[in-house]
Amino acid sequence: ARIALALGWTRHADTYADGAAVWVKPDTGHMARLPCWTASLDAALTLVPDGKPIGMVYEPHWAPANAWQAVVDAEPAMAATPALAMCCAALRTRGAG
């Protein structure tokens, strides 16, 4: 939810039948479920601003455990999964992380 709020999404008072929160997209005003930005690399890539260069590398020797490094427009981030790394780097590029 913090990522959504940082990107301008707003929480709607309604919920879906399964209890999930309803959110309003800032660009369209349409109601939607939040993307799984931190769990899905495809979803995390939607956070990358248009036209920004990206890169990703696996760091097997990063202590204390293996990690992934993502870079978006020269903003690096390391995390345990590719989705988390890309999400962090994209948010830093946007100035929201």
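Modeller: Happy to. Contact, as I use the word, means heavy atoms within 4.5 Å. Among contacts in this chain between residues at least 6 apart in sequence, 29% join residues at least 24 apart. Keep in mind that the model is predicted: local features need pLDDT of at least 70 and side-chain atom pairs count only at pLDDT 80 or more, while totals for chains, interfaces and linings use all residues. Residues are numbered from 1 along each chain as its sequence is written, and side-chain values use heavy atoms, with hydrogens and water left out.

Colleague: Thanks. How many helices and strands are in the chain?

Modeller: The chain has 3 helices and 6 strands. Both are DSSP runs numbered from the N terminus (helices are H or I with at least four residues, strands E with at least two). Starting at the N terminus, the order is α-β-β-β-α-β-β-β-α. The C-alpha atoms fill a box of roughly 45 × 30 × 20 Å along the principal axes.

Colleague: And what share of the 97 residues is buried?

Modeller: Buried residues account for 28% of them. Buried is under 20% relative accessible area, exposed is over 50%, and partly exposed lies in between (1.4 Å probe, protein chains only).

Colleague: Which strands form the open sheet, and in what order?

Modeller: The order is β1-β2-β3, with antiparallel pairing. Two strands pair if DSSP finds at least two bridges between them. The edge strands are β1 and β3, since each pairs on one side only. β1 and β2 are joined in the antiparallel sense by 3 bridges, and T10 stands opposite V24 of β2.

Colleague: On to charges. How many salt bridges does a search of the whole structure find?

Modeller: The search gives 2 (a side-chain nitrogen of Lys or Arg within 4 Å of a carboxyl oxygen of Asp or Glu). In one of them, the side chains of R33 and D18 meet at 3.1 Å, N to O. R33 sits in the loop between β3 (31-32) and α2 (41-45) and D18 in the loop between β1 (10-15) and β2 (21-24), so this pair ties together parts 15 residues apart in sequence.

Colleague: Are those two buried or exposed?

Modeller: D18 is exposed at 54% relative accessible area, and R33 is partly exposed at 44%. The charged end of R33 also sits over the ring of Y16, 4.3 Å from the ring centre. That label needs NZ of Lys or CZ of Arg within 6 Å of the ring centre and within 35 degrees of the ring normal.

Colleague: And which residue does D73 meet in a salt bridge?

Modeller: D73 meets K52, at 3.2 Å, N to O. D73 belongs to the loop between β5 (67-72) and β6 (75-79), K52 to the loop between α2 and β4 (54-59), so the pair ties together parts 21 residues apart in sequence. D73 is partly exposed at 34% relative accessibility, and K52 is partly exposed at 34% as well.

Colleague: What does T93 touch, leaving aside neighbours within four places in sequence?

Modeller: T93 contacts P49, K52, V72, D73 and E75, so both partners of that salt bridge are on the list. T93 lies in helix α3 (residues 82-94), and its side chain reaches the backbone oxygen of V72 at 2.8 Å.

Colleague: Switching to rings: how many aromatic pairs are there?

Modeller: The count is 2. Rings of Phe, Tyr and Trp (its six-membered ring) pair if their centres lie within 6.5 Å; planes under 30 degrees apart are stacked, over 60 edge-to-face, and the rest tilted. W9 and W37 have ring centres 5.7 Å apart and planes at 85°, so they are edge-to-face. W9 is in the loop between α1 (2-6) and β1, and W37, 28 residues away, is in the loop between β3 and α2. W9 is buried at 8%, as is W37 at 6%. Y58 and W68 make a tilted pair, 5.0 Å centre to centre with 55° between the planes. They link strand β4 with strand β5, and Y58 is partly exposed at 36%.

Colleague: Last one: where is V48, and what does it touch?

Modeller: V48 is in the loop between α2 and β4, and it is buried at 12% relative accessibility. Not counting residues up to four places away in sequence, V48 touches I54, V72, M86 and A90.

Note on methods
Polar contact = N/O pair within 3.5 Å; in protein donor to acceptor, adjacent residues only side chain to side chain.
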